Every structure is written in structure tokens, then in C-alpha cells.
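Work through the exercises below with the structure open. Each task is followed by a solution in steps.

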Amino acid sequence: MLLRRMADFQPGMVDRARSGLGFSVTEMRQVNADWQRFVRSKPAPRGVARNTAVLGPPVAVREQRSGDLTCRLHHWFLPLWPALRFEAVEGPGGGVWQEWLVREPGTSPPAAPPTGDLAPWEYVVTDLEQLFPQVTHLPEDAPSRWVSRFALPAEEPGAGPVRYRRARFVHGLLQEVSPPGPATP
């Protein structure tokens with residue numbers, strides 16, 4: 001299901017991953033169609049129970065405080081990305097606020113090239129804040145997508161205007177980096 005949305009940006013990587021998992025394009029489409037029917041059916045479990053029904057029990061669950069609220073972070077291992085975990089953020093009342101790929105707790109992202117040309121599928125949204133001096137998260141264009149703008153480190157102090165890049169993520173995993181559009185610096 002995650003690969004289906006990523007195919008919009010990285011079809012070659014998705015084809016290699018799908019093939020490596022031993023599935024055909026038809027099977028991938030069928031899995032996505034089954035998932036869509038499952039999440040829309042009235043008897044399907046809701047909240048984190050939906051993920052557990054498909055992925056099994058989480059490998060880890062921990063609480064995290066955010067302001068006055070305490071949420072629960074549920075993590076699952078996915079074989080395609082061994083250094084990452086699929087995370088469901090459960091808010092008070094059992095609703096799932098966010099589902100995305102995150103870095104394994106206690107691990108660091110790969111080093112970033114000074115040009116900001118980050119490799120697809122190597123970084124997650126939260127990595128940007130560790131790697132770059134200035135990050136702005138922009139409005140999402142779909143529930144599974146995330147867009148962030150980040151400033152490149154200055155080559156030398158006072159070396160000219162700040163250079164920016166735009167990073168697009170699907171399910172929290174980097175898909176592409178590009179210069180920002182003409183409307184944003």
C-alpha cells in the first residue's frame with residue numbers, strides 16, 4: 001500500500017522494491033484495491049487496531065507528551081526499510097493522527113551532501129531538522145504527502161543569499177528534492 005503512492009514520484013524504485021518482494025504489478029494493484037476496500041468497510045477496525053489487523057502487533061509502543069496532550073507512538077518493522085519504522089501516532093481517544101515512516105529511535109540519518117541533493121528513500125521528514133539549519137513544513141497536498149523547504153548551510157559566512165531546496169515526502173519517506181518554486185524563496 002505504501003509503494004502505490006510512492007510510484008507517483010519514484011516508479012523505478014517502486015518497481016525494484018516490488019520485484020524484490022516477489023510481487024507483480026497486478027498483485028500490487030490488487031493489494032492496494034483490497035486495502036482501500038478494507039479501510040472503507042464498516043466492520044473494519046479503526047485507529048491503531050486497523051494497523052495491527054494488517055501488520056500484526058507493533059514492535060514497540062511508547063508515550064510521548066506534546067504540550068498538554070499525551071499520545072502513543074506505535075512502531076512496526078517493514079522489511080523494505082530496515083533502518084526505519086512505520087509509526088502510527090495515536091491521540092487521546094484512540095484516533096490516529098499521523099501514519100508515516102520514521103527513523104529507528106536512537107539512530108541518526110545519513111550525512112547530507114552540502115548541495116542538499118538528498119537521495120530518495122534515504123531520509124524521513126524529521127531528518128531535515130537534524131541536518132539543516134532552517135526547515136519550514138509546508139501545507140500538505142494529500143494526506144499521505146508532506147512537503148518541506150530547507151535552507152542549505154552557508155558555504156562561508158556572508159557568502160550571499162540563503163539557498164533553499166524543497167523536499168517531497170510520501171508516508172514520511174523522501175521522494176525528491178528540487179529548487180523551490182518561483183513563488184517561494
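The exercises treat a predicted model and cover aromatic pairs, a helix packing and several loop residues.

**Exercise 1.** Classify the pair formed by the rings of Trp100 and Trp146, and state where the two residues lie.

Solution. A search of the whole structure finds five aromatic pairs. For Trp100 and Trp146, the ring centres are 5.3 Å apart and the planes stand at 45°. Next, place the residues: Trp100 belongs to strand E4 (residues 96-103) and Trp146 to strand E6 (residues 145-151). They are 46 residues apart, and the pair links distant parts of the chain. Finally, both Trp100 and Trp146 are buried.

**Exercise 2.** Which residue has its charged end over the ring of Tyr164, and at what distance from the ring centre?

Solution. The residue is Arg149. Its charged end sits 4.4 Å from the centre of the Tyr164 ring.

**Exercise 3.** Describe how helix H3 packs with helix H4.

Solution. Begin with the geometry: H3 (residues 25-40) and H4 (residues 48-55) pack at an angle of about 145°, and their axes are 12 Å apart. The crossing of H3 and H4 is right-handed. Then list the residues that meet: H3 provides Trp35, Phe38 and Val39, and H4 provides Arg50, Ala53 and Val54. Sorted by class, the contact of H3 with H4 has five nonpolar residues, one charged residue and no polar ones.

**Exercise 4.** Trp121 and His171 are not glycines; what are their phi values, and where do they lie?

Solution. For Trp121, phi is positive, near 70°. Trp121 is in the loop between E4 and H5, and its relative accessibility of 11% makes it buried. For His171, phi is also positive, at about 50°. His171 is in the loop between strand E7 (164-170) and strand E8 (173-178). With a relative accessible area of 9%, His171 is buried.

**Exercise 5.** Is Ser144 buried or exposed, and which residues does it touch beyond four places in sequence?

Solution. Ser144 is in the loop between E5 and E6. Buried means under 20% relative accessible area. Ser144 has 17% relative accessibility and so counts as buried. Its contacts, leaving out residues up to four places away in sequence, are Arg5, Phe169, Val170 and His171.

**Exercise 6.** Locate Gly91 and give its contacts.

Solution. Gly91 is in the loop between strand E3 (84-90) and E4. Its relative accessible area is 7%, so Gly91 is buried. Apart from neighbours within four places in sequence, Gly91 is in contact with Cys71 and Trp97. As a check on distance, Gly91 and Val124 are 33 residues apart in sequence, and their C-alpha atoms are 21 Å apart in space.

Terms used: Residues are numbered from 1 along each chain as its sequence is written. This is a predicted model: local features need pLDDT of at least 70, side-chain atom pairs count only at pLDDT 80 or more; totals for chains, interfaces and linings use all residues. Side-chain values use heavy atoms; hydrogens and water are left out. Rings of Phe, Tyr and Trp (its six-membered ring) pair if their centres lie within 6.5 Å; planes under 30 degrees apart count as stacked, over 60 as edge-to-face and the rest as tilted. Helices (H or I, at least four residues) and strands (E, at least two) are DSSP runs, numbered from the N terminus. Buried means under 20% relative accessible area, exposed over 50%, partly exposed in between (1.4 Å probe, protein chains only). A charge sits over a ring if NZ of Lys or CZ of Arg is within 6 Å of the ring centre and within 35 degrees of the ring normal. Contact means heavy atoms within 4.5 Å. Axes are lines fitted to C-alpha atoms, for helices over the stretch in contact, and angles run from 0 to 180 degrees between N-to-C directions. A crossing is left-handed if the near helix is turned anticlockwise from the far one by less than a right angle, and right-handed if clockwise. Ala, Val, Leu, Ile, Met, Phe, Trp, Tyr, Cys and Pro count as nonpolar, Asp, Glu, Lys and Arg as charged, and the others, Gly among them, as polar.
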